[in-house]
Amino acid sequence: MITAILLFWPALAALLVLLIKGQGAKKVAFGAALVEFALSLFALSGFNTENGGTQLALNFPWIESAGISFSIGMDGISLLMVLLTTFLVPLIVLSSFKHDYKNPNVFYALILFMQTGLIGVFVAMDAFLFYFMWEVALIPIYFIAAVWGGENRIRVTFKFFVYTIFGSLFMLAAFVYLYLQTPGTHTSNVNAFYQLALNSGQQSWIFWFLFIAFAIKMPVFPFHTWQPDTYTESPTQATMLLSGIMLKMGIYGVIRWLLPVVPMGVSQWADLVLILSIIGIVYGSIIAIRQRDLKRLIAYSSIAHVGLIAAGIFTLNEQGLQGGVIQMLSHGINVVGLFFIIDIIFRRTNTREITSLGGITQNAKGLSIFFMILLLGSVALPLTNGFVGEFLLLAGVFQFNYIYGAVAGLTIILGAVYMLRMFQGVMFGTKSEATESFTDLTLNEKAVLIPLVIMVFWIGLFPNTFLSISEPAVMNLLTIIKR
């Protein structure tokens, strides 16, 4: 029951927010998001971390004649993604309090509707329910970006929408085929898909249909071209939702629906996927080094980070999968924090160009500290959250192929280059005209950044808090893959 409440509460709250006029909508949305986080902690308290199977499940017929059910539940991987979502959404809402968006009730209702879609993706145990929630999550973010985005928002969001719908059709086709391969009256339950005895030819083309859908969402090179423009043109809160949570839908889809359903297809194409992922790491990092717009720099850095996560997952070993799961958490926390800091700088200076900034640390010691901590987490400094995930991911890739591991390891070096150069250009040096009267963090801004920084150190210092939740599910998944 708690899983169903987690799923439907944001949608109900969104309907309430729609009825509220003026700036009161943001406060109600923030309160509703906090309730959702509390519900996720309650779910955690009732979760058996030693059980690798599905827990807190609910299953009843949806389209009974077709064998399609409303089946939801969580294993350790799902739970961590739900916790990430419910932790970040209140902070994303709170980060918007200094913005005066037109029609705020619609803006915040769309965020909550999107949260329902995100939670639905992470808890769905039926293929068509998963597909439905996948689309539910897309629609609100499209309107948020298209209505409240920058001057090029229509062109950019149309490209994003077309890319995503294109991938979704591939996924739907694969799901329909898998559904028709189930025995008897057919079912779309995930466990029934796991038990299918498909030959290598079938698994090969299904692999590509599913991989394209998930690779676009992540995104993995060369399916990434929608991402930098969309991140740049979207309002900051939409960028946070896209980078902090929504791209995890693609990675989660690979873990839940690709690896265990078509393991022979994965084995057949794993080398190619790792090569594409590693190209993405190097490409994203080099392009990030050349960026002068702060938002675009972080957008390209995200491509590099996701490339490493994808590479680790496709190694099909425990280190790679565990590293992928913990890095999803770390990346979500770091990237949301960095985009928020960029938003703070933009609101005070009206520019995101590194060459137009400088000397901010002279007036904003607090901002400098928070910025540096999140930056160091992003470049995987030991004792921060990024180190745990990247260490496990690189260990997994080295175990798979040491040459791939050596090239993938460039992410640490190149990441330090573009992140530290960005920090130096923005925070140090001589004040520019734009930063002359720069002010330090407000109480509201600290309220957003403090929980993020706490998580940077919590994951970095006590990673077993989270690894112990996902480990039984990861081992169960590996058993299914290698059966």
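The legends below describe close-up views of a predicted model.

**View 1. The largest cavity, among helices H12, H13 and H14, which each give two or more residues to its lining.** Counting cavities of 30 Å³ or more gives 1 cavity in this predicted model, and the volume of the largest cavity is about 70 Å³. Its lining is made up of 13 residues, and those that lie nearest the centre are His 305, His 331, Asn 334, Val 335 and Ser 378. Two or more lining residues come from each of helix H12 (294-313), helix H13 (318-349) and helix H14 (365-378), and H13 gives the largest share, with 6 residues. By class, the lining of this cavity holds 9 polar and 4 nonpolar residues, and no charged ones.

**View 2. The largest pocket, with a volume of about 320 Å³.** The residues that line this pocket number 16, and Phe 37, Leu 83, Met 455, Trp 458 and Phe 466 are the closest to its centre. When the lining residues of the largest pocket are sorted by class, 15 are nonpolar and 1 is polar, while no charged residue is found among them.

**View 3. A nonpolar surface patch of about 710 Å².** The residues that make this patch are Phe 398, Tyr 402, Ile 403, Val 407, Leu 410, Ile 412, Ile 413 and Val 417. Helix H16 (402-408) and helix H17 (410-427) both supply at least two of the patch residues, and the largest share, 4 residues, belongs to H17. Val 407, one of the residues of the patch, is placed in helix H16. Val 407 has a relative accessible area of 32% and is therefore classed as partly exposed, a value that also lies over the 30% required of a residue in a patch.

**View 4. Two cis peptide bonds, one joining Met 218 and Pro 219 and the other running from Phe 221 to Pro 222.** For the bond between Met 218 and Pro 219, omega is about -10°, whereas for the bond between Phe 221 and Pro 222 omega is near 5°. Pro 219 is located in the loop between helix H8 (200-217) and helix H9 (227-233), and Pro 222 also lies in the loop between H8 and H9.

**View 5. Leu 56, a residue other than glycine with a positive phi.** The phi angle of Leu 56 is near 50°, and the residue is placed in strand S1 (residues 55-63). With a relative accessible area of 23%, Leu 56 is partly exposed, because buried residues are those under 20% and exposed residues those over 50%.

**View 6. Ala 380, in the loop between H14 and helix H15.** Although Ala 380 is not a glycine, its phi is positive, at about 65°. The loop that holds this residue runs between H14 and helix H15 (385-400). Ala 380 has a relative accessibility of 9% and so counts as buried, the limit for that class being under 20%.

Key
Residues numbered from 1 in each chain as written. Predicted model: local features only at pLDDT ≥ 70, side-chain atom pairs only at ≥ 80, totals over all residues. Heavy atoms only, no water. 1 Å grid on protein atoms, 1.4 Å probe; cavity = no way out; pocket = protein on both sides within 12 Å on 5 of 7 lines; lining within 4 Å. Points joined across faces, edges and corners; volume = space filled by probe spheres on them. Nonpolar A, V, L, I, M, F, W, Y, C, P; charged D, E, K, R; others polar. Patch = residues over 30% accessible without salt bridge, like charges linked within 9 Å, V, L, I, M, F, W, Y side chains within 5 Å. Areas by Shrake-Rupley, 256 points an atom, 1.4 Å probe, with all protein chains shown as cover. Salt bridge = Lys/Arg side-chain N within 4 Å of Asp/Glu carboxyl O. Buried < 20%, exposed > 50% of the residue type's maximum accessible area, 1.4 Å probe, protein only.
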